[in-house]
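Hi everyone, thanks for coming.

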Amino acid sequence: MFRELLAKEFSPYASLSPEQLSLAEAHYELLVRWNSRMNLTRIESLEEMVQLHYCESFFVGLTLPAGIFRVVDIGSGPGFPGVPVAILRPELE
């Protein structure tokens with residue numbers, strides 16, 4: 001369900017590869033597991049998680065300039081936008 005929803009919601013901007021969807025899903029599963037133990041995010045519904053965390057973070061990755069450079073994500077908490085940006089743009093440090 002996560003993969004399909006993420007692919008659909010992000011499709012107006014770009015398509016995500018099966019590998020990118022798998023990596024995002026693995027992150028989502030960890031986030032859900034750990035969010036039940038410690039409050040990493042107040043957003044808990046799948047739809048809001050996809051839209052407000054993953055799609056917005058992937059969009060940040062799309063808007064970064066082309067090329068290889070370093071990106072610093074300070075205080076990202078549960079990994080947003082850093083993890084999705086790294087999934088979308090693996091060439092960045």
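One thing before we start: what you see is a predicted model.

Methionine 1 sits in the segment ahead of helix 1. Its relative accessibility is 66%, so methionine 1 counts as exposed. Along the chain, methionine 1 and leucine 46 are 45 residues apart, yet their C-alpha atoms are 8.8 Å apart in space.

Now for helix 1 itself. Which residues of helix 1 are buried? They are Phe2, Leu5, Leu6 and Phe10. Looking down the axis of helix 1, you'd find these buried residues within an arc of 115°, so they line one face of the helix.

Let's take the packing against helix 3 next. Helix 1 runs over residues 2-10 and helix 3 over residues 46-63; they pack at an angle of about 50°, and their axes are 10 Å apart. The two helices are therefore oblique to each other. As for handedness, helix 1 and helix 3 cross in a right-handed way. On the helix 1 side, the contact is made by Phe2, Leu5, Leu6, Glu9 and Phe10. Helix 3 brings a list of its own, including Leu46, Val50, Tyr54, Phe58 and Leu62.

Helix 3 has another partner in helix 2, which covers residues 18-35. Here the packing angle is about 130°, with the axes 12 Å apart. That makes helix 2 oblique to helix 3. The crossing of helix 2 and helix 3 is right-handed. Who takes part in the contact? From helix 2 we have Ala24, His27, Tyr28 and Leu31, and from helix 3 Leu46, Met49, Tyr54 and Phe58. This contact of helix 2 with helix 3 counts seven nonpolar residues, one polar and no charged ones. And there is leucine 46 again, along with Tyr54 and Phe58, on the helix 3 side; these three also belong to the contact with helix 1.

On to the prolines. Proline 81 is in the loop between helix 3 and helix 4, the latter being residues 82-88. What kind of peptide bond joins phenylalanine 80 and proline 81? A cis one, with omega at about 0°. For context, most peptide bonds are trans. With a relative accessibility of 27%, proline 81 counts as partly exposed. If we set aside neighbours within four places in sequence, proline 81 is in contact with Ser57 and Asp73.

Finally, proline 90 lies in the segment after helix 4. Proline 90 is exposed, at 61% relative accessible area. Its C-alpha atom is separated by 9.5 Å from that of isoleucine 68, 22 residues away along the chain.

That's my tour, and I'm happy to take questions.

Notes:
Residues numbered from 1 in each chain as written. Predicted model: local features only at pLDDT ≥ 70, side-chain atom pairs only at ≥ 80, totals over all residues. Heavy atoms only, no water. Axes fitted to C-alpha atoms, helices over the stretch in contact; angles between N-to-C directions. Helix = DSSP H or I, 4+ residues; strand = E, 2+ residues; numbered from the N terminus. Parallel < 35°, antiparallel > 145°, perpendicular 65-115°, else oblique. Left-handed = near helix turned anticlockwise from the far one by under 90°. Contact = heavy atoms within 4.5 Å. Nonpolar A, V, L, I, M, F, W, Y, C, P; charged D, E, K, R; others polar. Buried < 20%, exposed > 50% of the residue type's maximum accessible area, 1.4 Å probe, protein only. Arc of directions from axis to C-beta.
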